[in-house]
Amino acid sequence: MTASEPTLAGADRRSPVLSIENLTVELAGEHGHVRVLDDVNFEIGARETLGLVGESGSGKTITALSVMGLLPKSARIPSGSIEMEGEQIVGCPLSDLQRLRGSRMAMVFQEPMTSLNPAFTVGDQIGETVRRHRGASRRAARARAVEMLDLVGIPNAARRVRSYPHEFSGGMRQRVMMAIALACEPALLIADEPTTALDVTIQAQLLDLLRDLQDQLDLALLFITHDLGVVADICDRVMVMYAGQVIEGADAETLFEHPEHPYTEGLLRAMPHIETRSGELFSIPGSPPAPLDRPPGCAFNPRCGYAEPTCTADAPPLRSIEPNHTTRCLLAEKLRLQGVQE
Amino acid sequence: MTSHLETAHDSATPESGETPEVPRTPWSRFRRRFRTQRVGLISLGYLIFVVGIAVLAPLLATDSPNAQDLRAVLASPSGEHWLGTDDVGRDVFSRLLYASRTSLLAALLAVAVALGLGLVPGLVAGYARGRIDGIVMRIADALMAFPPLILAVALVGVLGPGLTNAMIAVGIVFSPRFLRILRGAAMSIREETYIEAARGLGCSSVSIIGRHVLPNVLSPLIVQISFAAGTAMLAEASLSFLGLGVQPPDASWGAMLGRSYRFYDRAPWVVLFPGIAIALTVLAFNLLGDALRDSLGREER
Amino acid sequence: MTRLVVRRLLSLIPLLLIVTFLTFSLILLVPGDPAVTLAGDNATPEQIDATRERLGLNDPMLVQYGKWVGDVLTGDLGTSLYRNEQVSETIIDRLPVTLSLTFLALVVALVVAIPAGLIAGTRAGRASDKVATVAASVGVATPSFLLALILLLFFAIWNPWLPATGYVALEDSPWEWFRHLVLPAITLGTAAAAEMTRQLRSSLVDVLKQDYIRTAWSKGLASRVVVGKHALKNAAAPMLTVAGLQVTVLLGGSIIVEQIFGLPGLGQLVISAVNSRDLPMIQGVVVASVIIAVLANLVVDLLYGYLNPKVRAQ
């Protein structure tokens, strides 16, 4: 942790479940390596939920995949550290990763329709993890699978354990994914847009379930989404990402009420229930820069309504503007940004 | 994640200095893509070389292909007989050159028969749909259910041995492949004319077929012809090997091999060289087919 | 599952009807008067009449077919025109040879194709993948007689480790049966191995990009389980389809291999029948081989149901 890049304070400072420092990720492109994640720092403690928010391509998923050690082969981590319960993940052997995945850290993906293997029963896919990490017998694994299906709220668990993924709806499949992820009671669950592909009522049910499970299992939850509405529902703290960088971080309430970065303000204004007077949805003009042609200075400056000449000069660092509130905006003190009042 | 990769790629293109590639016609797109297929180009070059050999055989041959030299039976390769001689003292090199004519013609004939047999039923089935389509496809499926070489041998058995009959038999065996492609073509022609009629646009169905349907049919057809030519050459070699194809004294590569096979332990070259000629040529047809498929296919992402 | 089996069996009936009809129609392709042609060059008018009578050529076409199919259904394929033998009995005599050869060739193909396809598919683009891809292309293109020649020279002539020709029945000596079939099975199975390697490679490359493979990795499964269980079961389905087609091709290819290695199977039988224009024998072998091929593909279909639960449920 460096002075200029303060880490957001965790709820349980003494033993964070996951701790990321100065994480940078590069992808091999046609013209050498391209930086897609730039100096990310955060910690998550047990029973805590950290939201990672941003448009697609902002680096949220890269962050999650780095933790799981699932980055594509073309990716490399030139610097930074990821500690899972004190164990270093960056550069560790595959066997260590395979021991941690599924047992201490687990992940639920965005696409419930394609994330389950169509050729095996859901019971097999849940039990497999238990057998792998706890050396459980076939019978014990099956029993655990039934228990987990029950826990995630799938009716008739004892019978459904023998069903194949194609016999479940999208929402039910996402519950199965959670059952798989949580079967070995991991300390950390990463949920990458787990509800994006589902309709709104199912989404709400799943978020309720996730909250319940977090309480029951003392989970540290890293929740990735582009939807600030969902963030308000479930997260304790939020980090907003833009073009591979964290541009603002605060606890959820503060961030919503007093955003300190114009991009966050834009995201808040773009939320469906905050309509402009004309009744049209607000959207931030332009689109995020490609990793290769990042503008000089603040990455957001070409789209920012408040940009001043200084914004195109040096890249602004992430700094504390208040205790437990960080921003990358140079003008944060000057601007009076609009938040949301619940 | 994927979006990252794509953005990285897309944003790189304008900087790379290449002219933006907007193919004007399917043909120019094909040429642009085929040029990058090194293996395909080599295969095509090799096939042109073989055709050249076949055409120029009389000029290139060191000997008459049927001249027997009983003093030099099963002679090993030497300065006089570059690839040795066979069991009646004929020059293997010269026979190999002449046999390339038969082998290539046989493959051509079989593909033509297969295409011809598949053409009308395929187009009719695809255009008429319904019951006729059902019957034609059932028959095509039934033909594909036969072990191909057994069916070919049986057909030659009843027609009588000989190169033409053998290639008709191979053509019959292969016809369902072309039938399927042409049926698909006819179905899309139907769709296109239907759409055109419904919209009442000015273009004639001839121009629709010429501009949209034909290129889409030709691509799979050309690819299939290349593969089928290779397989047909193997089939011809097999039938001639069994003595059911070309009849003496004419020879194809397969016939040379079949006749001399019983001497393989004493004179492996009489079998080896025609065998290698077949393998290389079939390989070239297959690799060319792969390259054509990759260059003719729709743009993939 | 039972319902699937029954449905597939029922769907075979029209196929078998067409297949038998096509086989029967071979007689229509005989040039000239079939009785004259088939009775041979020096046949007397009495012999020609006898041939006509035996083939039932005096009846109308459909009646002939009806009779023939009826006989086929009861296992009667007629009598040979030249040998005083029941066609069906001769075929049953020869069948074990061809089935042994085809079966072992399929085993060879699978034993080669599964590891080769796995290696190539999991290392797409790397050297081992390129070697496997090139080897597969060469394997498909190599005529079986060329391959047989090379194998014979190395393993039977220059090093007399294996017999070059002949067949020993499985019930007489399993070891000798195996020894006699090793080279023929490798010869016959190589092209199938190449074809299946290509198929497995390409479907594996495809499957490994799927989301559920990422899920499998995220569960902490060992690479061996992710590839060998999660990817392979999904990639095996398309390969299985190819394997079914390959059984058909192998039955055809066995003609050449039986000829080269002196194996007294259906292939040799059909060649001698063709050389003597023994039509009932030709038709018998064709029907027998197509039925074997169709049954093999039925088995493949059912295995496909095992690999793909969606198909099973339908």
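I began with the contact between chains C and B, to which chain C contributes 42 residues and chain B contributes 40 residues. I then listed the elements of chain C that give two or more residues to that side: helix H1 (2-24), helix H6 (127-141), helix H7 (144-157), H10, helix H11 (266-275) and helix H12 (279-307). Sorted by class, the side of chain C that touches chain B holds 34 nonpolar residues, seven polar and one charged. I note here that the model is predicted.

**Entry: H5(B) against H1(C)**

The axes of H5(B) and H1(C) lie 9 Å apart, and the packing angle is about 70 degrees. I therefore recorded H5(B) as roughly perpendicular to H1(C). On the H5(B) side I found Arg138(B), Ile139(B), Asp141(B), Ala142(B) and Ala145(B) making the contact, and on the H1(C) side Pro14(C), Leu15(C), Ile18(C), Val19(C) and Leu22(C). I counted eight nonpolar and two charged residues in the contact of H5(B) with H1(C), with no polar residues.

**Entry: chain C against chain A**

I turned next to chains C and A, where 19 residues of chain C contact 25 residues of chain A. Three helices of chain C each supply at least two residues to this side: H9 (211-218), H10 (223-261) and H13 (309-313). Which of them gives the most? I found that H9(C) does, with seven residues. The classes on the side of chain C that touches chain A are seven nonpolar, seven polar and five charged residues.

**Entry: chain C as a whole**

I computed the extent of its C-alpha atoms along the principal axes as a box of roughly 80 × 55 × 35 Å. Of the 314 residues in chain C, 44% are buried. I also examined contacts in chain C between residues at least 6 apart in sequence, and 70% of these join residues at least 24 apart.

Within chain C I examined helix H8 (residues 174-207) and H10(C), whose axes come within 8 Å and cross at roughly 160 degrees. An angle over 145 degrees counts as roughly antiparallel, so H8(C) is roughly antiparallel to H10(C). I recorded the crossing of H8(C) past H10(C) as right-handed. The contact of H8(C) with H10(C) consists of 18 nonpolar residues, seven polar and one charged.

**Entry: strands of chain A**

I traced an open sheet of four strands in chain A, in the order E2-E1-E4-E5 with antiparallel pairing. Which strands lie at its edges? They are strand E2 (32-44) and strand E5 (87-88) of chain A, each of which pairs on one side only. Strand E1 (residues 18-29) of chain A runs antiparallel to E2(A), joined by nine bridges. As one example I looked up Glu26(A), whose bridge partner in E2(A) is Arg35(A).

I then looked at strand E6 (residues 105-108) of chain A. In a regular strand, side chains alternate between the two faces of the sheet. In E6(A), Met105(A) and Met107(A) point one way, Ala106(A) and Val108(A) point the other way, and all are buried. E6(A) runs parallel to strand E7 (residues 188-192) of chain A, with four bridges between them. The partner of Met105(A) in E7(A) is Leu188(A).

**Entry: backbone exceptions**

Most residues other than glycine have a negative phi, and most peptide bonds are trans.

- Asn156(A), although not a glycine, has a positive phi of about 60 degrees. I located Asn156(A) in the loop between helix H4 (138-151) and helix H5 (157-160) of chain A. Is Asn156(A) buried or exposed? I classed Asn156(A) as exposed, because 11 other C-beta atoms lie within 10 Å.
- Arg129(B) is not a glycine either, and its phi is positive at about 55 degrees. I placed Arg129(B) in the loop between helix H4 (92-128) and helix H5 (130-145) of chain B. With 14 other C-beta atoms within 10 Å, Arg129(B) is partly exposed.
- The peptide bond from Pro248(B) to Pro249(B) is cis, with omega near 5 degrees. I found Pro249(B) in the loop between helix H8 (205-241) and helix H9 (253-260) of chain B.

Notes:
Residues are numbered from 1 along each chain as its sequence is written. Chains are lettered from A and ligands numbered from 1 in the order in which they are written. A residue is buried if 20 or more other C-beta atoms lie within 10 Å of its own, exposed if 12 or fewer, and partly exposed in between; C-beta atoms are placed from the backbone. Two strands pair if DSSP finds at least two bridges between them. Two residues are in contact if their C-beta atoms, placed from the backbone, lie within 7 Å. Ala, Val, Leu, Ile, Met, Phe, Trp, Tyr, Cys and Pro count as nonpolar, Asp, Glu, Lys and Arg as charged, and the others, Gly among them, as polar. Axes are lines fitted to C-alpha atoms, for helices over the stretch in contact, and angles run from 0 to 180 degrees between N-to-C directions. Angles under 35 degrees count as roughly parallel, over 145 as roughly antiparallel, 65 to 115 as roughly perpendicular and the rest as oblique. A crossing is left-handed if the near helix is turned anticlockwise from the far one by less than a right angle, and right-handed if clockwise.
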